[in-house]
Amino acid sequence: MRLLILTYHNLHDVGSPVSVPPGMLRQHLQRLRDAGCTVLPLSEALNRAAAIELTGTYPVALTFDDGYAAVLEHAAPLLASYGWRGTVFPITDYVGRSNCWPGQPSGIPTDHLLGWSELRELAAAGWEVGAHSRTHPDLTSLDDHGLAAELLGAKAILEDHLGLAVAAFAYPYGRYDRRVRSHVERTYSVACTTTMRIARGASDRYTLGRVDAWYFSRSLPARFLASPGMEPYVALCRVARSGRAVLSEVTQSVGR
Ligand SMILES: [Zn+2]
């Protein structure tokens, strides 16, 4: 079994490291349709991935982190035009506010986040609403009490406001360790990281890899989506990203 989980954040035409233009999302959807993919909300896609693959199609889940308002404005109607639904991971203490949580990298434009009525609208349209913590901290930096507040708290708040069960979680910044993973396992049924890889049958369902859609945000790489060239391209992106991370660590330690 393999499951392609794509990660999106914001959608707008102003270029930023966390946004993809709505027109590019449309190209992604068309590419997935042309490749015969089956797009489902994350939990559904994971539970049915093996059966979907037996039909000769490629299971795909589109996930939208942080709960930007553009998800309802742009992504939901675009996906609906293909008969598809996605998964959104809002940050509960920031619902209806802006992306002003501490630790936001520089260069990320301030923008609106979905409110509760908008999240209810997405849920009513069949979207999966997962959790992404209450305040978007690095979970590995928290003690057990803080972890429980972020994990159990986010699930309880979402379920209270939306009136449905919340099963999926996305680690803020993709940061987790063994202790965080075990807390998440006690609270949720599935969890996503930011590790660039395609999920497999043998993958741990609490550390599922995803592929950042930003790497497909130009016309040429977008053609690799769900193509035979996708896996080598994703492997190349993973190497390039870890190379950049090492370079940034070295630069910071030299500058210290
Ligand atoms: Zn996030």
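1. The protein chain has 8 helices and 9 strands; these are DSSP runs, with at least four residues of H or I for a helix and at least two of E for a strand, numbered from the N terminus. Its radius of gyration is 17 Å, close to the 18 Å that the globule rule gives for 256 residues, so the chain is as compact as a globular protein of that length. (The radius is taken over C-alpha atoms, and the rule is 2.2 Å times the number of residues to the power 0.38.)

2. Before going on, note that this is a predicted model: local features need pLDDT of at least 70, side-chain atom pairs count only at pLDDT 80 or more, and totals for chains, interfaces and linings use all residues. Residues are numbered from 1 along each chain as its sequence is written.

3. How much of the chain is buried? Among contacts between residues at least 6 apart in sequence, 62% join residues at least 24 apart; a contact here means C-beta atoms, placed from the backbone, within 7 Å.

4. Now the largest nonpolar core, which has 72 residues. Such a core is a set of buried Ala, Val, Leu, Ile, Met, Phe, Trp, Tyr and Cys residues joined through C-beta atoms within 7 Å. Ile5, Val60, Val71 and Ala75 touch the most other members, and helix H3 (residues 70–81) gives the core its largest share, 7 residues. Leaving out residues up to four places away in sequence, Val71 touches Phe64, Ala76, Val88 and Leu114.

5. Which way does H5 pack? Its buried residues, among them Leu147, Leu151 and Leu158, pack against strand E5 (128–129) and helix H6 (178–187). Just after H5, Gly163 takes a positive phi of about 70°.

6. Finally, Glu159, also in H5, is partly exposed, with 14 other C-beta atoms within 10 Å. Setting aside neighbours within four places in sequence, Glu159 contacts Leu164, Ala165 and Val166.

Terms used: A residue is buried if 20 or more other C-beta atoms lie within 10 Å of its own, exposed if 12 or fewer, and partly exposed in between; C-beta atoms are placed from the backbone. Two residues are in contact if their C-beta atoms, placed from the backbone, lie within 7 Å.
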